[in-house]
Amino acid sequence: MKFGVVVFPGSNCDRDMQDALQQDLEQEVVMLWHKDTGLPGFGTDDCIVLPGGFSYGDYLRCGAIARFSPIMQSVTRFANEGGKVLGVCNGFQVLCESHLLPGALLRNANQQFISKNVWLRGVGDNGRALKIPIAHGEGRYYADEKTLDELGANNQVIYRYCDENGTIGGAANPNGSLRDIAGICNKTRNVFGMMPHPERACSDALGNIDGRLILRTLFIDAYEPSVSRKAGLVNQ
Amino acid sequence: MEITVKTAEQLRLTAEEFGLIQEKLGRTPNFTELCAFSAMWSEHCSYKNSIRWLKTLPREGKKMLVKAGEENAGLMDIGDGHGVVFKIESHNHPSAIEPFQGAATGVGGIHRDIFTMGARPIASLNSLRFGNIKEAKTQHLLSGVVHGIGHYGNCFGVPTVAGEIYFEECYHTNPLVNAMSVGVLKNGETISATAKGKGNPVIFVGSATGKDGIGGASFASANITGESTKELPAVQVGDPFQEKKLLEACLEVIHTGAVVGMQDMGAAGIICSTAEMSAKGEVGMRIDLDRVPARQENMKAWELLLSESQERMLMVVQKGREAEVVSIFEKWDLPAAAIGEVTDDGLLKFYMNGELEAVIPAHELVLGGGAPQYERPFSEPAYFKKVDAFDAAQVAVPDDLRAVAEQLIALPNIASKRWVAVQYDSTVGAANTSTNEPSDAAVVLAKGTGGKAGAEKALAVTTDCNSRYVFADPYTGAMIAVAEAARNIVCSGGQPLGVTNCLNFGNPYDPEVYYQFVHAIKGMGDACRKFDTPVTGGNVSFYNQSPDGAVYPTPTIGMVGLLDNVHHKMTLDFKEEGDVIFLLGNSYDDLGSSEYLHKIKKVEFSPAPHFNIEEEYGLQQMVAGLIGKKLIRSAHDVSEGGLFVTLAESAFPRGFGFDVVATEKAIRKDAYWFGEAQSRVVVSVAASRVEEFKNVVNGFPVAYLGLVTDGEFVVDGMNWGMVEAWKEKYDRSLESHMARLVDADACGLTQI
């Protein structure tokens, strides 16, 4: 499989994602430009990544303009055909704006930008909390009750905020996300979105490689059918 | 309109300067020309009251790849064909009036200085000073400045990795906002801010020009008064999204090889960039101002020349390659327009719709050319007598040291700056190693500059200045600022490379303020020579003065150090129960200018703390040696709050305690635990390595303090409670002050 990382004007985690995938996880990566009108060479085994940043300046509403970019028309088609898509931070916002994922990301409950390490439970955690940084002003996941219930029932919540010991919710929820949601996937389990930045936790030199577990479990190991079954998605 | 001395004075030029302009031009300037001189000869652009003394600083070194002050920022060699570019700059005056935009554009401006040289910024730092945190005005300023820095930096995508914040009454009206940027480049891919080659096109790129920020340079060169809010149009408005595109486009354009020279448009906009680039290349330019993309109609020539609209660059490119360059800016959806060409007569000629509006020899406008240079008189400040009169014997040693320590740990200058730090993206770039493993200076990976993944080169970066020390003794205080910066880098495992300085002072026409300036420069120079850290450039900000007086003299030091391999990094946190804690360096019976003396004992005037540069140098050599031999597990220097606060800060990250005893019985207890005598570092050593450690430090002043424990703070045999309770006080102090602001804001009650 290979990864395609989309560069929007205002993307600022595109290079970090490229480095994490290429250098730390030894994956093939192709950089894609927002004005591109197709995804030649990408098949359903591959993954398109929408990185963090402030696409098109995030004026109006985060991700609202990126939704209309030429590349997003191709990404939407690609996702509907079963191709894998990951959106991190601003990428998650773009996926919600594009209706590839349900719900919306609102201004943090404390009305401030928050940059710090948080702890997560979910896919690939092997029973312990994963330490991953967040850095966002609009990361409070919101959806109506019915949607939230469906996400739970369908096992679509891939990450929830927890404390260092793995206890979900309470003060460990940094931004007021409903049901402590940090990341979700769609019903068909090929589109993934999360606010925390796994690509910032992949290098030994940074003293934290929990991000590798996330990217590996969601995509790289999942590509091996035998591993995929074992990994499963954890319902909290 | 008739141009007279009065017109010149309204534009903040003096009568003598007006005479000098007439002499240089051989005629009376027209209004547009006078505006150009007003901006270029302002303190901000010309350094007219500081340059004579700045030239005494050590400005040369083996590793310097450009001469100090020659380019937009300093450039030093980090080996393997790569260089580090860094600079610090003030945005004090705009931030005093409009904290959000003032701080945001300060960040934008300093990043432009870095990427205009062809470097990609990898780290941001800032040094901030405000008045009393309990004042609503301070809370408003702090909140706005932090929001502005965060907004711009987070969006632009460069991590804010380190900084400092001080609260002192003297900054009530004049807050200081100093922003630093650090970038890396490949040697040989540097772009100079020089115009060359007759006939080469001059290209304007970036945001369209509006009327914002007109006169900003001269605004920054005056005291702040009640009238200053009327100068709001002199504050610029920033757009980090434009700047991000400009960064990527400029770095891409440089790779074409078609760029002859480039300079960002900051203070004094088009006039400054055209004048400085031309003067440096000993050429002239013909500029058609009507071809400058404008966001307002009917802008006048002088407005276009002086506008400080943000996110703009001036570029000279090889004739015939314009299309190639413009196509890259089009790719990034940025306006780019040829607005003129390079000439060989040394004259700047500005046209508007074919009409000649101004003709000025470029070199007459710039520093090192026609701009005036002044020698200012100075005299010893009268308050020095009060400093000299300090008598420690008049200060009673408190009975309850623990109660004092609890107050101390929550003082705004000492307590955690978490409320601020979480608002800055510190992990973008995936290069800041100090998020997970804290160190005295932030250690940032210099990706792609040699060394394989995981063993890369890294830069240790810090800003430092305790201005109360400088106030007490400008010479020693400035030396301490340099020494502390170097100490922070050494304690992080780095080798200090070079300095950028941001010199924030009051009105230079006040002889006592000028005395502070002159002596701070002397101290800085001596210290930089000792540590072999040349001053690569920086910025002077005078007129940080209100009717209440001048701010403390604040010569902020930005220092960059190198780690050849990121694995050589040293961290500040205790690692394991049972590790042995030592204090390297001498202890002194000294309370001078400490937070304890000033904030708790309320002593306004006292000498700078003990400092001896040879002692300091020896200490740093010792620490570097111990790190090299891998004999210590943590290193944290003693600074504000003294030894106790240093121990607490080493204990906090992993939730350890300590059991320590004062070793020098002759020293008063408050001085021992809370005094701020310089040149001391707390280290921890694995019990199994203590013998080896002792052999290495044999003959060096070192004291055995005690042990790392599982969570209690035990001082001189007294149990002072659990680490969690101390950390809570330390972490929550600033938040508790600011929480009140947030509540008040929500109710619309904030008073400014």
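Predicted model: local features only at pLDDT ≥ 70, side-chain atom pairs only at ≥ 80, totals over all residues.
Me: What conventions apply to the numbering and the model?
Reply: Residues are numbered from 1 along each chain as its sequence is written, and chains are lettered from A and ligands numbered from 1 in the order in which they are written. Local features need pLDDT of at least 70, side-chain atom pairs count only at pLDDT 80 or more, totals for chains, interfaces and linings use all residues, and side-chain values use heavy atoms, with hydrogens and water left out.

Me: Why does A:His197 count as buried?
Reply: Its relative accessibility is 0%, so A:His197 falls in the buried class.

Me: What marks the active site, and how do you know that its residues gather at one spot?
Reply: The unreviewed UniProt entry annotates A:Cys89, A:His197 and A:Glu199 as "active site". They span 111 residues in sequence, yet no two of their C-alpha atoms are more than 11.1 Å apart, so they gather at one spot. Such annotations may be inferred rather than shown by experiment; positions follow the numbering used here, and feature names are shortened.

Me: Which residues is A:Cys89 in contact with, beyond its neighbours within four places in sequence?
Reply: Contact means heavy atoms within 4.5 Å. A:Cys89 is in contact with A:Gly52, A:Ala135, A:His136, A:Met194, A:Met195 and A:His197, leaving aside those neighbours. From the side of A:His197, the residues touched include A:Cys89, A:Gly52 and A:Ala135, again not counting residues up to four places away in sequence.

Me: What makes the pair B:Lys447 and A:Asp19 a salt bridge?
Reply: A salt bridge is a side-chain nitrogen of Lys or Arg within 4 Å of a carboxyl oxygen of Asp or Glu. The side chains of B:Lys447 and A:Asp19 meet at 3.7 Å, N to O. Between chain B and chain A the count is three salt bridges.

Me: How much area do chain B and chain A bury between them?
Reply: About 2600 Å², with 54% of it on carbon and sulfur atoms. Buried area is the accessible area (1.4 Å probe) that two parts lose on being put together, summed over both. Of the area that chain B buries against chain A, B:Phe241, B:Val422 and B:Asn436 supply 21%, more than any other three residues. In contacts, 34 residues of chain B meet 30 residues of chain A.

Notes
Buried < 20%, exposed > 50% of the residue type's maximum accessible area, 1.4 Å probe, protein only.
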